[in-house]
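Open the model in your viewer with the sequence panel beside it. The tour below goes from selection to selection.

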Amino acid sequence: MLRVVIPTRDSARWIGLLLEAYRERGIEPLYILDTRSADATRDILTVMKADVISFTPAADYVEAGMIEFGSRAAQAEWVLRLDDDEFPSDALLDWVAGATTRSVRDGFYVSRRDLFRRDGRIVYNRRRSSFTSAARPRFLNPHARLYRPSRLGFHQALHASGIVDETLFGFAPAAAFFVHVSALVTSPAERLEKVRRYEAIATGSTWRLADEYLPELFGTDHLSPAGD
């Protein structure tokens, strides 16, 4: 059994559209609602009769308990954990359906494409800094997002998967990716404020991710159209 688990907070502007898109694909996500959410996120999910559980993390970021809580609450053999501003490609969903019935691994790294607008196009970043795996140096932006919670421990480090040991994780096919749409649904000012909030929690932890949070500040090298 697989569950898509989505921690969420203050996502009223886009959460309903993404839930509709999941349902069009026959998926009912489990939402872990941060109790500090201050907009209409709860109301939207309630009206749409979504599967929602509330949780108060130990600190002001999603890794502070929400990932473990949601992964355990799903009560599923496999969890595909995504943020509320992320969405799986059809290729990922097709691959997951087979991988979760055959694999003996604890989990998998999945490629993420950070989408943003540049010169009237939606593109994603392929800068050298996005290839971070020594085991698969040509694998774009790997994130440990598909896993078996019952076999894993969890931690609460900021800007991390929340998983204690990923050494036995495999890699999903590069074409089976998910997208991150934060830069499409929030303003640069909102994203800059998020960076500053995270920096206040852990100095030096977030500016290294500036090309993800603030792609507007970077040049046009190493960009690919979203459809590629």
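Which residues are buried in helix 1? Select helix 1 and colour by accessibility: Ile15, Gly16, Leu18, Leu19, Ala21 and Tyr22 are buried. Buried here means under 20% relative accessible area, exposed over 50%, and partly exposed in between, with a 1.4 Å probe and protein chains only. Helices (H or I, at least four residues) and strands (E, at least two) are DSSP runs numbered from the N terminus. This is a predicted model, in which local features need pLDDT of at least 70 and side-chain atom pairs count only at pLDDT 80 or more, while totals for chains, interfaces and linings use all residues. Residues are numbered from 1 along each chain as its sequence is written, and side-chain values use heavy atoms, with hydrogens and water left out.

Stay on helix 1 and show what lies over it. The cover of its buried residues includes strand 1, strand 2 (30-34), helix 2 (41-47) and strand 5 (86-88). After helix 1 comes glycine 26, with a positive phi near 75 degrees.

Next, zoom out to the whole protein. It has seven helices and eleven strands, and its C-alpha atoms fill a box of roughly 45 × 40 × 35 Å along the principal axes. The radius of gyration is 17 Å, which agrees with the value near 17 Å for a compact globule of 228 residues; it is taken over C-alpha atoms, and the globule rule is 2.2 Å times the number of residues to the power 0.38. Buried residues make up 54% of the 228. Of the contacts (heavy atoms within 4.5 Å) with a separation of 6 or more, 73% join residues 24 or more positions apart.

Now select the largest nonpolar core, which holds 35 residues; Tyr22, Tyr31, Leu92, Trp95 and Leu146 touch the most other members. Two or more of its residues come from each of strand 1 (2-8), helix 1 (15-24), strand 4 (78-81), helix 4 (90-102), strand 6 (107-118) and strand 10 (178-180). A nonpolar core is a set of buried Ala, Val, Leu, Ile, Met, Phe, Trp, Tyr and Cys residues joined through side-chain atoms within 4.5 Å. A second, separate core of 18 residues includes Val5, Leu30, Ile67 and Leu152.

What does tyrosine 31 contact, leaving aside neighbours within four places in sequence? The partners are Ile6, Thr8, Ile15, Leu19, Tyr22, Leu45, Ala50, Asp51, Val52 and Ile53. From tyrosine 31, draw a distance to glycine 98: the C-alpha atoms are 24 Å apart, across 67 residues of sequence. Glycine 98 lies in helix 4 and counts as buried at 17% relative accessibility.

Two loop residues come next. Most residues other than glycine have a negative phi. Aspartate 10, in the loop between strand 1 and helix 1, has a positive phi of about 50 degrees. Its relative accessible area is 29%, so aspartate 10 is partly exposed. Glutamine 75 also has a positive phi of about 50 degrees and sits in the loop between helix 3 (66-73) and strand 4. At 71% relative accessible area, glutamine 75 is exposed.

Finish at serine 224, in strand 11 (residues 223-225). Serine 224 is buried, at 12% relative accessible area. Not counting residues up to four places away in sequence, serine 224 touches Val123, Tyr124 and Arg126.
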